[in-house]
Amino acid sequence: MIGSGDLSPPGAEVAVAAPPARGQLAPWRLLLRRPTLIAGAAILLFWVACALLGSAIAPHDPLAQQLLATNAGPSGAHWLGTDQLGRDVLSRVIAGARSILLIAVAATVLGTLLGTALGLVMGYFGGVIDMLASRLVEAVLALPVVIVAFLFIVALGPSTATLVVVIGIVFAPLIARTVRSAVLVESQLDYLSAARLLGEKPAHIMAVEILPNVVPAVLVEFTVRLGYAIFTVATLSFLGFGVQPPTPDWGADIAANYGVLAAGYWWETLFPALAIASLIVAVNLVTDSVEQVLAS
Amino acid sequence: MTAADAQADPAGAQAAGSTLMIEHLDVTYRVRGQDRRAVRDLSLRIGPSESYGLVGESGSGKSTVALALTRYLPRGGSVTAGSIRINGMDPLAMGPAALRDLRAATVSMVYQEPGRALNPSIKVGRQVAEVYEIAGEDRGSALERAEQMLRTVQIADPRRVMERYPHQLSGGMAQRAVIAMALAAEPSLLILDEPTTALDATVEAEVLDLVAALREEFDTSVLFISHNLAVIAQMCDRIGVLYAGELVEEGPASEVFEQPRHPYTVGLLRCIPRGGQRKDHGRLDTIPGFLPPPGHALAGCLFAPRCPIAQDRCRAAAPPAFITGPGRTARCYLHEATASLPRNTPADLELPSQRDARRPVVRLQRLSKTFDSRGAAIRALVGVDLTLEAGETLGLVGESGSGKTTLARALLGLIEPDEGSVVTLDGQPLQADARRRPRDQLKALQIVFQDPDSALNRRHTVRRLIRRPLRRLAGLSGGPLRDRLADLVRSVRMEDRHLPLRPSQLSGGLKQRVAIARAFAGGPRIVVCDEPTSALDVSVQAAVLNLLTDLQVKEQVTYLFISHDLGLVRYLSDRIAVLYLGRIMEIGPAQAVFAGPHHPYTEALLSAVPSLDGQRPARIRLQGEIGSPADAPAGCVFHTRCPRRLPTGECESSEPLLREVGAGHLMRCHIPVDQLAVLQGGSP
């Protein structure tokens, strides 16, 4: 309590310390306490390191063909064996992380940006805009992602940029739908009325008032979509619409070598496949942790 | 007097046949590896067919006590010491089967939200009948008894109600169904945890009457938990005041409210406007400070940091429960000095000397609002004419659904009124939509919302929340902005150290101060206060009301004060408007409206208010609940519930006009005012 000489006796109660905020840890501190996150992040970091350093840490040149040592099984010289052209599988797996990570991350970022903007507009304006956009979103969602991607790639020709743009656009409606429902929850709250009474413009209300409150939903959506994006990139590469040979790429390498699987050369297919699986599992582990921490 | 003496049971005789006996109960919550005591050394007894009230502010541990009794404590909560006996049985020692029997047959609970106590996917009739089936009756007779029980809780048409799902019932009706279920097992102990807090005053009055009547009929002991002192005063024989998990005062209800002996009880009672107290009689007193955080280890009296008469010994050692009279205890060394407890807040208040220059600021003419709900026209406001005068407070009352909030939102431009409605500010028409209002119109009209958690953007800091309106509405920047920000923060009695905090780091009262600062940033002419204290505790409410009064004097603003709490409206308002189904039923100077003769609806609202003083005007009760604005009754919209309806049939056939019955006092009623005066027997 404050002394009697204070200027504002009616407010004496504020002079006492406010109750300390409940001993809550910052979300990122909580995240670091989760073993699933640690495991997921470790795997993810490993692949990121591979993508960044690429051939610098690969034991061999991923493009170098050794025609005398084709289809060689795992050995001391080639830990994961060699492929039909005698290229080192380990080196190609390491170097192949770059293309898939680059495309998947860039596409997810693009999709998240587009989707968040669309979701904000749909949720905030509602009415006719929302109805039209919702139907459009449903139409896109009704088509299989890979088929839509096909159409664009065939039309535009396969390139990294095309892949990023196509996957980004195809994912945007999904993200928009999630963001829209988060915005609808926010629009029930009085702080938006208060903003309108300050004469704030819609763009300000969406970007400054609403957006920070839907960031958790956007974050979760981003990590979920990243997993799907990796899978989509790998699928398209496998079908030949992604990174073109001889650039090392997991999907393309599986496609190039699964023909000899029947001949017993399992390592040429298995290791790139394992790489894809481990990356998706790692992303999902991180996603789960982020989701649970934000929900608690 | 020694502590040992003080702990002895004052009445002695009750010891044997207590329905509930709690001794030295400690409840602890384990939060992130730390133990936090929520209930401390609590002892109380409830005799057969006795009604015991437990009062306390939020965080005082009153619900924890209720949960501990039936072992419903959430995960992490446990009884760490003490004993509980219900009818001599110990729930703490029971196995699962015995515990289930106890909950099924001996103790029943009624919670605040009736909607959550009922299963949304099972018809009401089945849910009530289930209680009888568990007690061993067959399906047919269980349904029959359920119907009887629903009739007992005064549901007029039980067969129809039994066929409905919970969401098809109104709040009052659902709470009756819950009470029916609670009483179906004929429990020896009925625990009511804030049973009427979510209900309207008129419905609350009905439910309280019902509980009182049923208590007689079923001869049940009642533990009644509430933050509302007046409700407790009306419902309970004895009360206990809980502070930070400790029973600080106990005794017969009338005596405790008449002569409180603990400084906390004294403070709580002084926070509430009583007996027609008005703002020109002086400020409300406040209790400074906050509840200690749960689980802290404070030597000495828990209330000492907030107590105006605390001495060194209070801080050194916790006081025992002193016997202060027959059946009364108070945990205070200075319980004899509480009658002359000094005020925390000086009562002096400068009010504007003269408000005779009645200059209208805002005028609403023929204000109507029709919502469209799946083709049905919902007429939320119908032809409201209203003038707000400079510097006055107009209280707006009515049950929920009466159109109070719609009126406020239409005035602010948050919803567009129907065509033909006119809102003028200083004679100039206002844009109907706030988005099209120029800055000076936006500046003139601001609002303090009911729920600060919803009204403040939780991602923004206090500084940003207050700075933005200064920039937008007052058009300030740079040095002048900083100066005005500092001014404004001081005038809502906050400090610089609050500026970098976010709303979640502030207490409820502080949050509401931020909202008030935002409303005042642009120098408003009119501030709508939409239930600004209903989310706050009593002690905080008083401080916020004082702040609003001080700001009004300083800034000369007009308030449109919306509240369901007629005590508050009476304390603050110069004029009062009573709304029913979107129409003004009565409007006039506060004294005239409260003194009467009243409109029958106003009369019913007034008699629904539980009073601490036990003086009630002649009690009239309304039939049923507020109708739907989608199909308002023909004639006088109130005739379906009016207890004073004319036998001539006039009320059913024609809608009365709002006509003058006194100076500035208008009423919409067919009954001549002198006849109303006679009917109401010159009630106060």
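**View 1. Chain B is assigned three domains.** Domain 1 covers 254-340, domain 2 covers 360-573 and domain 3 covers 596-679. These bounds come from an automatic or database domain assignment. The C-alpha centres of domain 1 and domain 3 of chain B lie 41 Å apart. This is a predicted model: local features need pLDDT of at least 70, side-chain atom pairs count only at pLDDT 80 or more, and totals for chains, interfaces and linings use all residues. Residues are numbered from 1 along each chain as its sequence is written, while chains are lettered from A and ligands numbered from 1 in the order in which they are written.

**View 2. Chain B as a whole holds 25 helices and 23 strands.** Helices (H or I, at least four residues) and strands (E, at least two) are DSSP runs, numbered from the N terminus. Chain B has a radius of gyration of 26 Å, close to the 26 Å of the globule rule for 684 residues, so it is as compact as a globular protein of that length. The radius is taken over C-alpha atoms; the rule is 2.2 Å times the number of residues to the power 0.38. The C-alpha trace of chain B spans about 75 × 65 × 50 Å along its principal axes. Buried residues make up 51% of the 684 in chain B. Buried means that 20 or more other C-beta atoms, placed from the backbone, lie within 10 Å of the residue's own.

**View 3. An open sheet of chain B has the strand order β2-β1-β4.** Its 3 strands pair in antiparallel fashion. Pairing requires that DSSP finds at least two bridges between two strands. The edge strands are β2 (34-46) and β4 (77-86) of chain B; each has a single partner strand, so one side of each is left without a neighbour in the sheet. Neighbouring strands of this sheet are turned by 10° against each other on average, direction ignored. Angles are taken between axes, which are lines fitted to C-alpha atoms. Strand β1 (residues 20-31) of chain B is joined to β2(B) by 9 bridges. Leu20(B) has Ile46(B) in β2(B) as its bridge partner.

**View 4. Strands β22(B) and β23(B) form a hairpin.** Strand β22 spans residues 658-662 of chain B and strand β23 residues 665-668 of chain B. The two run antiparallel, joined by 4 bridges. Arg659(B) has Met667(B) in β23(B) as its bridge partner. The hairpin has 2 residues between its strands. In the turn, Gly664(B) has a positive phi of about 65°.

Technical notes
A residue is buried if 20 or more other C-beta atoms lie within 10 Å of its own, exposed if 12 or fewer, and partly exposed in between; C-beta atoms are placed from the backbone. Axes are lines fitted to C-alpha atoms, for helices over the stretch in contact, and angles run from 0 to 180 degrees between N-to-C directions.
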